[in-house]
Amino acid sequence: MLTSFRKDQLLAAKNYALYYGYGRADELSLFDIAIVDPNGLKQEEFEQLRLKKTMVITYLSLLEVHPSEPIYRELSSEDFLLMDGKPVKNEAFGTFIMSLQSKKWMNHLLTKINRHFSIIESDGIFLDTIGDIEFHFLPEKIKKQQLQAAVNFLSVVKMLYPHHLFIQNNGLEMVAEETAAYIDGICWENPPFSLEQSKEWVEVMIRKLDKLKERHHVKIFLLLEETIEKERNAYEQAKKMAKKHDFLLYNASKNYVEGFNIVKG
């Protein structure tokens, strides 16, 4: 993989923030890395972050689309991930799961990425929902097909944009091992550090992330969200884990949009 100034800056980062609300560039500029909604900041606010040397990573949903999005009206049945002939839906968010084998959806993603880099001039992309490939209810055949399509897609975007950054959200069990060669960071969202029944699984995931970090020089992010954190109280354990393994930790506000946590880690 080609190295770049951005990759060096990523690996040297000491803190980050993730915020999907509007504005707040002043607070975001206090962090080394800001992961944001591409529609959440004005162009001059993106410029403000660049002047403050804050790396800007913009959000992109890789596998999910909401019916309210303009692209939804252009999609056909073959663009969706199908089970028993019906589109797979993420009921929690009212979104549909897309097929990474769909040429129309792939072209849509490539257009989005190009816009992020050419207009917003972000330093990289935060690849959300890629972990959907690991949904337990998906047949193994579909998982393997979508994983191979994800690897193919990432290999293309990394070839097109070798000096930009790509950070994957979740997908730790099977996806990350295949995609790590084409990405620059892995985010573990709401790790269940405080859940006794997840203790052994957490240990396995930590070892896996350590190996991927060493082998592929990826940056590891831990992300806690206020609603789940109130249930789990995992922050202190996450803080110790981050320090021990040289991971970056951020304790985000409710739904990533309500308020802003200025604590760096």
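Hi everyone. Before we start, please keep in mind that this is a predicted model, where local features need pLDDT of at least 70, side-chain atom pairs count only at pLDDT 80 or more, and totals for chains, interfaces and linings use all residues. Residues are numbered from 1 along each chain as its sequence is written, and side-chain values use heavy atoms, with hydrogens and water left out.

Let's begin with the whole chain. The protein chain holds nine helices and 13 strands; these are DSSP runs numbered from the N terminus, with helices being H or I of at least four residues and strands E of at least two. Buried residues make up 53% of its 265 residues, where buried means under 20% relative accessible area, exposed over 50%, and partly exposed in between, using a 1.4 Å probe and protein chains only. Its C-alpha trace spans about 45 × 45 × 35 Å along the principal axes.

Now the sheet. In what order do the strands of the open sheet run? The order is 1-2-3-9-10-11-12-13, eight strands with parallel pairing; two strands pair if DSSP finds at least two bridges between them. Strand 1 (16–19) and strand 13 (248–252) stand at the edges with a single partner strand each, so one side of each has no neighbour in the sheet. For a look inside, strand 3 (residues 55–61) pairs with strand 9 (residues 124–128) over five bridges, in the parallel sense. There, Leu-60 has Leu-127 of strand 9 as its bridge partner.

On to my favourite part, helix 4. Helix 4 covers residues 103–120, which is 18 residues, and reaches 25 Å from first C-alpha to last, close to the 26 Å expected at 1.5 Å a residue; that expected span is 1.5 Å times one less than the number of residues. Which residues of helix 4 are buried? They are Trp-105, Met-106, His-108, Leu-109, Ile-113, His-116, Phe-117 and Ile-120. Seen down the helix axis, these buried residues fall within an arc of 160°, so they line one face of helix 4; the arc is that of the directions from the axis to the C-beta atoms.

The face turned away from the buried side carries the exposed residues Lys-103 and Thr-111.
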